[in-house]
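My notes follow in the order in which I checked things.

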Amino acid sequence: MGATKTVTDATFSSEVLKSDKPVLVDFWAEWCGPCRQIAPILEEIAKEHADKLTVAKINIDENPEVQRDYGILKLPTMNVFKGGEVVKQIIGAHPKARLLRELEDYIS
């Protein structure tokens, strides 16, 4: 298994909302090309910053409840959760350098 964690509608609350560190949740789907494109980048970020940030993935086709609850309309969308709340949203596939800049408040 990789450094990213897979979450589901059933495990979202315990794995993300109750986490003691920030969690970047990648909302994705098999049919989404840009989602597949950023997956290896998110895996690298998960490995490099595991001490400060958890990177989780949720497949919206298999887990529609969380997608609906957070109004996710575009893929990929990445929400950063801290203390059970969304504190940042990143929409679209971006290069690693940009994602790291977007996440610097949570990984520095």
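I looked up Asn-79 and found it standing opposite Gln-89 in β5. Strands here are DSSP runs of E with at least two residues, helices are runs of H or I with at least four, and both are numbered from the N terminus. This is a predicted model, in which local features need pLDDT of at least 70 and side-chain atom pairs pLDDT 80 or more, while totals for chains, interfaces and linings use all residues. Residues are numbered from 1 along each chain as its sequence is written, and side-chain values use heavy atoms, leaving out hydrogens and water.

I then followed β4, residues 77-82, which runs antiparallel to β5 and is joined to it by six bridges. I count two strands as paired if DSSP finds at least two bridges between them. Strands of a sheet pair through backbone hydrogen bonds. Phe-81 stands opposite Val-86 in β5. Phe-81 is also the bridge partner in β4 of Val-23. I noted that β2 and β4 pair in the antiparallel sense, over five bridges.

What lies between β4 and β5? The two strands form a hairpin with two residues between them, and Gly-83 in the turn has a positive phi of about 60°.

I wrote down the strand order as β1-β3-β2-β4-β5, an open sheet of five strands with mixed pairing.

Contact means heavy atoms within 4.5 Å. Axes are lines fitted to C-alpha atoms, for helices over the stretch in contact, with angles from 0 to 180 degrees between N-to-C directions. Helix α4, residues 96-107, lies across β2, β4 and β5 and runs at about 170° to β5.

Last, I searched the whole structure for disulfides (cysteine sulfur atoms within 2.5 Å) and found one. It joins Cys-32 to Cys-35, with S to S 2.3 Å. The torsion about the S-S bond is about 80°, so this disulfide is right-handed. Cys-32 is buried because its relative accessible area is 4%. Cys-35 is buried too, at 1%.

Note on methods: Buried < 20%, exposed > 50% of the residue type's maximum accessible area, 1.4 Å probe, protein only.
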